[in-house]
Amino acid sequence: MGIFQVNGKNQEIETPVSLVEVMKINNVTQPEMVSIQVNGEFVSRDDFGTVQINQGDEVDFLYFMGGGSRC
Amino acid sequence: MDFTEDQIHRYSRHILLQDVGVEGQEKISNGKVLIVGAGGLGAPVALYLAAAGVGTIGIIDGDVVDLSNLQRQIIHFTPDVNKAKVLSAKEKINQLNPDVKVITYRELLTASNALEIIGQYDFIVDGTDNFPVKFLINDACVKAGKPFSHGGILRFDGQTMTVLPGTACYRCVFHAPPPPNAVPTCSEAGVLGAIAGMLGTIQATEVLKYLTGVGDLLTNRLLTFNAKTMEFRTIKVKHNHNCAVCGDHPTITELVDYEQATCEIKN
């Protein structure tokens with residue numbers, strides 16, 4: 001088993017694990033809704049399918065958020 | 001600037017702050033801030049900046065007040081329903097602090113007017129609910145070399161970051177607007193009213209820090225919070241060398257109006 005962080009919280013599953021699998025586990029169902037950082041580096045949307053997450057990695061899902069006034 | 005006795009009294013709690021003082025209050029009073037959107041975020045930003053005595057506040061919004069706005073857009077009151085939001089906001093600001101000069105724009109921010117309007121201000125606050133305008137604000141501010149505060153809220157969540165020339169911009173983090181309708185707006189998904197205040201007051205604080213030069217701005221960091229757990233997180237973000245607007249080889253050389261979501265629901 002490997003431990004890595006998703007949005008600052010530990011997750012424990014068999015590593016390495018594909019980023020796509022991590023997205024699935026974290027209910028990120030629409031890839032177009034998030035920007036993803038792994039260890040502080042942005043992952044290009046084209047690479048979502050190929051990136052592997054390893055023990056100790058830090059994954060951040062940054063979500064699009066609107067709000068405010070229609071302007 | 002010479003403050004009157006009343007002004008010294010009005011701003012005394014700022015002046016008492018060692019980091020602000022009379023000098024800092026002068027900087028606030030000389031400040032010119034543009035608020036894009038007089039809604040959930042723009043309302044608390046406008047009220048706190050007015051109370052703080054920001055010299056000039058510009059407000060751009062093409063909408064009128066709707067009854068469903070009053071749950072969170074605290075600058076608008078029940079008798080304001082159907083009134084232009086910029087007018088409603090201006091009236092409250094004038095009542096709160098007659099020192100403030102309010103400039104209203106009852107229109108939408110577009111690729112054709114953005115640079116001209118933004119150019120007249122020291123700091124821009126993004127209080128809009130849609131991604132085309134968020135990216136437009138970002139691109140226009142980057143091009144004009146203007147600092148701005150990004151803010152977003154949805155359901156129980158909020159996020160904000162401050163962008164200065166040279167720091168990570170909104171596009172460095174989010175690249176391009178999501179496909180229309182992929183991401184719901186507050187008018188579609190709902191929002192807990194008070195989190196507009198939580199996020200808006202953080203944005204107003206950043207404006208006052210910028211104007212006075214006090215503290216460390218929320219640059220190269222995205223602050224997010226969830227009101228259900230009341231957990232706040234700050235995620236470090238980096239200037240992206242491949243960014244289409246501020247990267248090494250920018251591909252965006254002119255401002256564009258992105259296509260708006262097709263099913264616009266009145267908010």
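The model is predicted, and its scores are ipTM 0.87 and pTM 0.93. Chain A carries one helix and seven strands, while an open sheet of eight strands occurs in chain B. Between the chains, 18 residues of chain A are in contact with 42 residues of chain B.

**Confidence**

- The average pLDDT of chain B is 94, and 95% of the residues of chain B score at least 70.
- Residues 261-267 of chain B keep a pLDDT under 50. For this stretch the model has 17 contacts beyond four places in sequence.

**Contact between the chains**

- On the side of chain A that touches chain B, six residues are nonpolar, nine are polar and three are charged.

**Chain A: layout and sheet**

- Along the sequence, the elements of chain A follow the pattern β-β-β-α-β-β-β-β.
- Taken along the principal axes, the box filled by the C-alpha atoms of chain A is roughly 50 × 25 × 20 Å.
- Five strands of chain A form an open sheet in the order 2-1-7-4-5, and the pairing is mixed.
- At the edges of this sheet are strand 2 (9-13) and strand 5 (41-42) of chain A, each of which pairs on one side only.
- Strand 4 (residues 34-38) of chain A is antiparallel to its partner, strand 5 of chain A, and two bridges link the pair. In one of these strands, strand 5 of chain A, A:Glu41 is the bridge partner of A:Val38.

**Chain B: sheet**

- The open sheet of chain B has eight strands in the order 3-2-1-4-5-6-7-8, with mixed pairing.
- Strand 3 (101-105) and strand 8 (231-236) of chain B are the edge strands; each has a single partner strand, so one side of each is left without a neighbour in the sheet.
- On average, and with direction ignored, neighbouring strands of this sheet are turned by 15° against each other.
- The pairing of strand 4 (residues 123-126) with strand 5 (residues 148-154) of chain B is parallel and runs over two bridges. Here B:Ile124 stands opposite B:Phe148 of strand 5 of chain B.
- Helix 5 (residues 85-96) of chain B packs on the sheet, where it touches strand 2 (56-60) and strand 3 of chain B. The direction of helix 5 makes about 175° with that of strand 3 of chain B.
- Helix 10 of chain B also packs on the sheet, touching strand 1 (32-36), strand 4, strand 5, strand 6 (157-163) and strand 7 (221-226) of chain B. Its direction makes about 170° with that of strand 5 of chain B.

**Chain B: helices that pack on helix 10**

- Helix 3 (residues 21-29) and helix 10 (residues 193-212) of chain B have axes 8 Å apart and pack at an angle of about 115°. That angle makes helix 3 of chain B roughly perpendicular to helix 10 of chain B.
- The crossing of helix 3 of chain B with helix 10 of chain B is right-handed. B:Gly24, B:Lys27 and B:Ile28 of helix 3 make the contact with B:Leu208, B:Leu211 and B:Thr212 of helix 10.
- By class, this contact of helix 3 with helix 10 of chain B has three nonpolar, two polar and one charged residues.
- Helix 4 (residues 42-52) of chain B crosses helix 10 of chain B at roughly 40°, and their axes come within 8 Å. Helix 4 and helix 10 of chain B are therefore oblique to each other.
- The crossing of helix 4 and helix 10 of chain B is right-handed. Residues of helix 4 that meet helix 10 include B:Ala43, B:Tyr48 and B:Ala52, and those of helix 10 include B:Ala196, B:Gly200 and B:Leu208.
- The contact of helix 4 with helix 10 of chain B comprises 10 nonpolar residues, four polar residues and no charged residues.

**Backbone exceptions**

- Most residues other than glycine have a negative phi, and most peptide bonds are trans.
- A:Thr15 and A:Pro16 are joined by a cis peptide bond with omega of about 0°. A:Pro16 lies in the loop between strand 2 and strand 3 (17-18) of chain A.
- B:Arg155 is not a glycine, yet its phi is positive, at about 55°. B:Arg155 is placed in the loop between strand 5 and strand 6 of chain B.

Key:
Residues numbered from 1 in each chain as written. Chains lettered and ligands numbered in written order. Predicted model: local features only at pLDDT ≥ 70, side-chain atom pairs only at ≥ 80, totals over all residues. Axes fitted to C-alpha atoms, helices over the stretch in contact; angles between N-to-C directions. Helix = DSSP H or I, 4+ residues; strand = E, 2+ residues; numbered from the N terminus. Parallel < 35°, antiparallel > 145°, perpendicular 65-115°, else oblique. Left-handed = near helix turned anticlockwise from the far one by under 90°. Contact = placed C-beta atoms within 7 Å. Nonpolar A, V, L, I, M, F, W, Y, C, P; charged D, E, K, R; others polar. pLDDT = per-residue confidence, 0-100. Pairing = 2+ DSSP bridges.
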